[in-house]
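Hi there,

Here is the structure I promised to pass on. Have a look at it first, and my notes follow below.

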Amino acid sequence: MASFREQEKIELPPIAGKLFWLRKVDSTQLESRRLIDAGQKIPFVVLANSQTAGRGRFMRKWLSPPGGLYFSWATQFVPGSAVSLVAGIAVLSAIKKFCSGKIFLKWPNDILTDDGKVAGILAEKYDDALILGVGVNLVGAGEFPGLGIDPARKIDLLTEIFRQMDEIWEEFATGGFRKFVRRYLELTFPPGTPITIVDGRRTFSGVFENITPDGELVVRVGDKSLKFSAGEVSLKL
Amino acid sequence: MLDNQAPQNDIFGKRGEQVMDKKDIKELIELVEKSGIDELEVHFSFGRKIIIRKNAGQVPVVMQPTASAPQPVAPQPTPQTAETPPSPQVSATETEPAREEVSSDKLYEIKAPMVGTFYRKPSPDSEPYVKVGDHIEKGQVVCLIEAMKLFNEVKSEVSGTIKKVLVEDATPVEFGQPLFLVELD
């Protein structure tokens, strides 16, 4: 297990649980699994200044140089897949308090500016726990766009993300995604936006229509409305 | 034709017309129940088929295919006329025979714990979690199911040998759909 130190000084909202702050780790997701395996009680947060093997969907590498916000939150698993959309709402709502400009959600929970993806969220079920991995490019690095948030404000952003989580999590855990559809729609691209979705091996082109009360994506393809619970969306800009 | 244009509960003919409804299927079940046969398999176009099988007093109906997310938002009032055949990978899944003797005590089906996309490997370049012939232990991860970027590693509840992979990689699965056939130790 990577060495870590528990931070006493930082006070995150209670929903976050115990904070483990590491200088460097392979991946905060993997570290969270190791902590659970070692008997650490949830909830807890693993925060890392940099990751050597940060990953996204399908183990895609998530470049994690110092200066970004990289953390995982392990908490009680909430049934229903819309958990990753709710996490997207919390993270983007927090980011919007730190920077202006056009920032939006791309279903299910990528966070984009016109320059590209600036934050990503991965949700994994691990036994009875849900491990949410969040990576935010505070500043750009090379070809990767950033939000232009001063890295010195990293902990402020982390605190704000958990403040947002605190506001919405219980309502989601007890009432589901239904009540969050409107808020999600305010944070994503408008209905009518042309999109392409790759669902497994099939590709559909159409226009974004809606989000269902379960968090599924509704796309108008030809004269039909199709709903998707999985798939990768790209915007036809 | 998109394979999701056909409602799940009906069986369609070559041009998309409904050739059997629930009542017909019910009659078939009754027929098998009363007869001396153990299994009846009826084939339709698009690789769709119905298998009715007697199993320890129960008569389960197995309809292929079961995986066809995305679903139409509203039920389709009438089946569409099929202008084009389904895509090759879809028909490959559909014609995949899934008719093992599940009644055998030695065989166990690992089922999907959630709706989503089934992945046999952790990333596109990785080796599959398990292959036919592999011996697996209880608690071992056998596949990944994703829905809305929530990833769920599916762990085997049994120890045994993988006899068959019932679903193609990177295709949608329904809740409770059998994924693997395992011969128990």
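Two strands count as paired if DSSP finds at least two bridges between them, and strands (E, at least two residues) and helices (H or I, at least four) are DSSP runs numbered from the N terminus. Some ground rules: this is a predicted model, where local features need pLDDT of at least 70, side-chain atom pairs count only at pLDDT 80 or more, and totals for chains, interfaces and linings use all residues. Residues are numbered from 1 along each chain as its sequence is written, chains are lettered from A and ligands numbered from 1 in written order, and side-chain values use heavy atoms, without hydrogens and water.

In chain B, an open sheet of 4 strands runs in the order β7-β14-β12-β9 with antiparallel pairing. The antiparallel pair of β9(B) and β12 (residues 160-165) of chain B is joined by 2 bridges, and B:Ile136 has B:Gly160 in β12(B) as its bridge partner.

Chain A is assigned domain 1 (14-184) and domain 2 (190-235); such bounds come from an automatic or database assignment. Their C-alpha centres lie 24 Å apart. The contact (heavy atoms within 4.5 Å) takes 11 residues from domain 1 of chain A and 15 residues from domain 2 of chain A. Between these two domains the rule finds 0 salt bridges, meaning a side-chain nitrogen of Lys or Arg within 4 Å of a carboxyl oxygen of Asp or Glu.

Best wishes
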